[in-house]
Amino acid sequence: MAAMAARACGGAWRRGWQHGRGVPGPALSPFPRGQRAVACNARVGAVPAGKSGLAPWVPVVGLEIHAQISSNSKLFSGSQVQFAAPPNSLVSFFDASLPGTLPVLNRRCVEAAVMTGLALKCSINKKSLFDRKHYFYADLPAGYQITQQRVPIAVSGSLSYSLCIDSKMSQMVTKTVRIKQIQLEQDSGKSLHDDTRSQTLVDLNRAGVGLMEVVMEPDMCCGEEAAAAVRELQLILQTLGSSQAVMAEGQLRVDANVSVHHPGEPYGVRTEVKNINSIRFLAKAVDYEIQRQIEELENGGTILNETRAFDSKLGCTVPMRDKEGKQDYRFMPEPNLPPLILYDAKSLPANMNHQQVINIDWIHERLPDLPSVKREKLVEQYGILPEHSFALLNEDGLAEFYENVVKQTRMKPKRVIGWVLNNLLSYLKQHSLTVKESPVSSFLLADLLNLLEKKEISSTAAKQVLAELWKGEGKTPLEIVKEQKLQLLQDQKELEQICQAVIDRQENEVMAIKAGNLKVLNKLIGLVQRETQGRSNPVLVKQLLEKKLEVATREKPHK
């Protein structure tokens, strides 16, 4: 399979890059994190003119996102939903499409779709319809999928997302993508290809699982924007609880539609990159496809209306099937499901059983704070930078961890954020752990920061203690400080003697300071810290050194 993918990628490359340009080079590989892709040039979505000398290219990106609904059972049957269950162990008669079986709509799935639509500022249709979409795959037993093609459950919304415009993550810009619609539909099963035995096996555990398809308008212009929009949607879904949205488990899958054109001209022919299961791969796939299309057109080629896949190992998109002949899905109304009727406070009949209807206003009143609101509150309450609030919310559970530390320590929130993001989070990423798996609890970190704030230990010693806490041996910060004798030196005379000894050994540095190079003082402070094994207060050391150096510079001419 890898060899076939490599040949396919090479073929695609040769069609787009002619004249012996060879295999893809680093200049056309996806851009590293924090840098701008060519499609995001100047933040207007225009790519500089190529060798044709025509106007800049304008990339256009639209997304279709399938989110698996968090529900104990499937959309139209009572079968359980469970990731990685034994193959074909969670299949009802309806899921297997046995004759005579009928769909029964799952209330939880409808509520999740309404909640998501409200969070994305959509208009909720009080009457929506179900349809059959026909196509024939081995993992679709009925030969059709139940979806909402004519009248979906929600329409005309928007999603605001933010992204950095410099590599230091210090400047951010907010953009908005329009949401065309959100529709309910059932998932298909899964085909498992065994190349060794040249056979395909079918697992129907996923068949019938409830999905929300979120269709975004083509308002984006590069992979970075697409990735930021999907990440924000993922956070919203997780906050609402309408989907766990774990991409690694297939709970959030993205199809990207990409095209390029010159300003003032109609949109170009688009290609669809299917089933992208990683935000990082989404950014790479979109940027690669934009570059591929531009080079293809610059060399006099044409863009095919086709479906492509992203090969993460090769870093390129590869053809799957063409879409020149439009597939006839033979849409028809689903005869076994009546229209889905929703109510609000005004339209709810007086004698209606509330357990048998869905009240849009009732759901709206119970919406939790969305990520954008949480970020604003974090910035306002703790005085942290906006980019810090993004970093806190991007890691599941990290914002709560930070707030718990702030509540339990005397240290100012602006200083706490540095320890949480620069120290704790780096440990977690280094060991591929989540916040919930951290051996250092918020209580232990707060206890450590209290020792630092009370000037019982130095920041250097605090980092040593944190490294010990990471081992998870059950010791408290104070116990580690006492065991390793990391307390700050309290004897000022002893510290003065150490400072004087360092000065005596560093004649060149003293002369440089005397000549006005005060930066050299930091080297002397570091040497004192080394002598005391990090047990000296840097502020006090600086004061003592400055005092002694002032004396030294007065006495020097008399020697």
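In the predicted model, Ala-512 is partly exposed, with a relative accessible area of 23%. Ala-512 belongs to helix 14, which covers residues 507–514. When residues up to four places away in sequence are not counted, Ala-512 touches Asn-517 and Val-520.

Ser-79, by contrast, is buried, at a relative accessible area of 9%. The residue is part of the loop that runs between strand 1 (58–68) and helix 2. Its contacts, with neighbours within four places in sequence left aside, are Asn-72, Ser-73, Lys-74, Leu-90, Val-91, Ser-92 and Asp-95.

Helix 2 comprises 13 residues, 107–119. From the first C-alpha to the last, helix 2 reaches 19 Å, which is close to the expected 18 Å. Most of the helix is covered, with 11 of the 13 residues buried. The buried residues form the run Cys-109, Val-110, Glu-111, Ala-112, Ala-113, Val-114, Met-115, Thr-116, Gly-117, Leu-118 and Ala-119.

Features were also found at both ends of helix 2. At its start, the backbone nitrogen of Arg-108 has a side-chain oxygen of Asn-106 within 2.9 Å. Just after the helix, Lys-121 adopts a positive phi of about 60°.

Technical notes: Residues are numbered from 1 along each chain as its sequence is written. This is a predicted model: local features need pLDDT of at least 70, side-chain atom pairs count only at pLDDT 80 or more; totals for chains, interfaces and linings use all residues. Side-chain values use heavy atoms; hydrogens and water are left out. Helices (H or I, at least four residues) and strands (E, at least two) are DSSP runs, numbered from the N terminus. The expected span of a helix is 1.5 Å times one less than its number of residues. Buried means under 20% relative accessible area, exposed over 50%, partly exposed in between (1.4 Å probe, protein chains only). A polar contact is a pair of N or O atoms within 3.5 Å; within protein, one must be able to donate a hydrogen and the other to accept it, and residues adjacent in sequence count only if both atoms are side-chain atoms. Contact means heavy atoms within 4.5 Å.
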